[in-house]
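Biologist: I would like to learn how to read a structure feature by feature. Can we go through one together?

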Amino acid sequence: PAADVVAPALLMLLAVYALASLLNVGIPDSGARYAARAIHPRALLGDFVSANRTLWRDPLGGVSLAATTVFWGVGATLQFAVLHWAQDRLGMPLHQAAGLQAAVAIGVVLGAAAAGRWVPLARAREMLPFGVALGLMLPLLACTRSLWLALPLLLAAGALGGLMVVPLNALLQHRGCVLLSAGRSIAVQGCNENASILAMLAGYALLIALELPIVTLLSGFGLA
């Protein structure tokens, strides 16, 4: 039964989140203390709108916020699109197609590790071409019919994404702390990225409802 599969999966997911929470306990106190702010909804909304505008208008903060916002929106959508593509182009059943997402995840880990090791904050903007390369790779991936070609392409796509998003995310956090505060910066980033995810998933659902071919859909997302 489906419940026999879903329940252990949800428990494992909760365990991972619990472990992440425990790991956060080990983060040392930065010593930063901020003045108390008004908690009236109108004041909170006004403060958030102002913080959002400040970060978008900053030359470094704006470009990093734009890049990470688009990246996470497209990334979330591709989680579904890859499953559709694997079934349509590679003839894989759903439970096997889901394994292809692991190739992307491994690539992201490798790209993120490389970025953390060799890319200093001052060079973060130089990683933007990796995002362009990732977008151009998607049409190539969409036309692939071989699993053995698809796997290295998915791995490479994940690595390119990790190389781009980790330095730009670090730059965004740095500018957010300088211009706003850590918490307000995270709030702006989270709002924009989740809005991007919702908008792109809605667009994906609409295009699927219109029966747009998956090759065209993947290519369009990549080129966009």
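Biologist: How many aromatic pairs does the count come to?

Modeller: First, the ground rules. This is a predicted model, in which local features need pLDDT of at least 70 and side-chain atom pairs count only at pLDDT 80 or more, while totals for chains, interfaces and linings use all residues. Residues are numbered from 1 along each chain as its sequence is written, and side-chain values use heavy atoms, with hydrogens and water left out. Now the rings. A pair of aromatic rings is described by the distance of the centres and the angle of the planes. Rings of Phe, Tyr and Trp (its six-membered ring) pair if their centres lie within 6.5 Å; planes under 30 degrees apart are stacked, over 60 edge-to-face, and the rest tilted. The count comes to 1 aromatic pair. Phe71 and Trp72 form it, edge-to-face, with 5.0 Å centre to centre and 80° between the planes.

Biologist: Is Phe71 buried or exposed?

Modeller: Buried means under 20% relative accessible area, exposed over 50%, and partly exposed in between (1.4 Å probe, protein chains only). Phe71 counts as buried because its relative accessibility is 13%. Trp72 has 39%, so Trp72 counts as partly exposed.

Biologist: Which residues have the most contacts inside the largest nonpolar core?

Modeller: A nonpolar core is a set of buried Ala, Val, Leu, Ile, Met, Phe, Trp, Tyr and Cys residues joined through side-chain atoms within 4.5 Å. The largest one here has 34 residues, and Trp85, Leu100, Leu141 and Leu218 have the most contacts inside it. Two or more residues each come from helix H3 (59-89), helix H5 (100-118), helix H6 (128-142), helix H7 (147-179) and helix H9 (214-223). Helices are DSSP runs (H or I, at least four residues), numbered from the N terminus. Apart from this core lies another, of 6 residues, including Leu55 and Val188.

Biologist: What is Trp85 in contact with?

Modeller: Contact means heavy atoms within 4.5 Å. Leaving aside neighbours within four places in sequence, Trp85 touches several residues, among them Leu100, Leu141, Thr144 and Leu218.

Biologist: Where is Thr144?

Modeller: Thr144 sits in the loop between H6 and H7. Thr144 is buried because its relative accessible area is 5%. A polar atom of its side chain lies 3.0 Å from the backbone oxygen of Leu140. That is a polar contact: a pair of N or O atoms within 3.5 Å; within protein, one must be able to donate a hydrogen and the other to accept it, and residues adjacent in sequence count only if both atoms are side-chain atoms.

Biologist: Which residue caps the N-terminal end of H7?

Modeller: Ser146 does, with a side-chain oxygen 3.4 Å from the backbone nitrogen of Trp148. As for length, the expected span of a helix is 1.5 Å times one less than its number of residues. H7 has 33 residues and reaches 47 Å from its first C-alpha to its last, close to the 48 Å expected.

Biologist: Which residues of H8 are buried?

Modeller: They are Ser185, Val188, Gln189, Asn192, Glu193, Ser196 and Tyr204. Their cover includes helix H2 (41-57), H3, H7 and H9.
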